[in-house]
Amino acid sequence: MSETQGQVFTEGKKKTCSDCGNEFFLSASELNFFAKKNLSEPKRCRPCRDIKRASRNADASEKFEGEGRDNGRGDRGRRRGRD
Ligand SMILES: [Zn+2]
């Protein structure tokens, strides 16, 4: 019996980031994670992925700005010096 399904990586791999061109390392557990989820391996290093994700979040939160602003009232600061 041969099980070719579910490739298991025992070693990590070096990749070159398609954004900044830096080399980055994918650990075996990361490779297994992506394989298991049927995802392709990331082409970008982690910092570049974080930047991408952050900018996406920024886009989303921009839409919410202007709402719920009254949560930040300054009541706390007024209590100072009352000891
Ligand atoms: Zn990068």
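This is a predicted model: local features need pLDDT of at least 70, side-chain atom pairs count only at pLDDT 80 or more; totals for chains, interfaces and linings use all residues.
**Conventions.** I number residues from 1 along each chain, as its sequence is written.

**Overall fold.** I looked up the secondary structure and found three helices and two strands in the protein chain. Helices (H or I, at least four residues) and strands (E, at least two) are DSSP runs, numbered from the N terminus. Along the sequence I read the pattern β-β-α-α-α. Of the 83 residues in the protein chain, 1% are buried. I call a residue buried if 20 or more other C-beta atoms lie within 10 Å of its own, exposed if 12 or fewer, and partly exposed in between, with C-beta atoms placed from the backbone. I then looked up contacts, defined as residue pairs with C-beta atoms, placed from the backbone, within 7 Å. Among contacts between residues at least 6 apart in sequence, 34% join residues at least 24 apart.

I find strand S1 (residues 13-16) antiparallel to strand S2 (residues 23-26), with four bridges joining them. Two strands pair if DSSP finds at least two bridges between them. I traced lysine 13 to its bridge partner leucine 26 in S2, and lysine 14 to phenylalanine 25 in S2. Six residues lie between the strands of this hairpin, and glycine 21 takes a positive phi near 80°.

**Leucine 31.** I place leucine 31 in helix H1 (residues 28-36). Leucine 31 counts as partly exposed because it has 18 C-beta neighbours inside 10 Å. Setting aside residues up to four places away in sequence, I list its contacts as Phe9, Gly12, Lys13, Leu26 and Glu41. For leucine 31 and glutamate 41, ten residues apart in sequence, I note a C-alpha to C-alpha distance of 7.0 Å.

**Asparagine 38.** I locate asparagine 38 in the loop between H1 and helix H2 (46-64). Its phi is near 60°, a positive value in a residue other than glycine. Is asparagine 38 buried or exposed? I record asparagine 38 as exposed, because 6 other C-beta atoms lie within 10 Å.

**Cysteine 48.** I find cysteine 48 in helix H2. With 18 other C-beta atoms within 10 Å, cysteine 48 is partly exposed. Which residues is cysteine 48 in contact with, leaving aside its neighbours within four places in sequence? I list Cys17, Asp19 and Cys20. I also looked up cysteine 48 and asparagine 22, which are 26 residues apart along the chain, and their C-alpha atoms are separated by 10.0 Å.

Methods:
Two residues are in contact if their C-beta atoms, placed from the backbone, lie within 7 Å.
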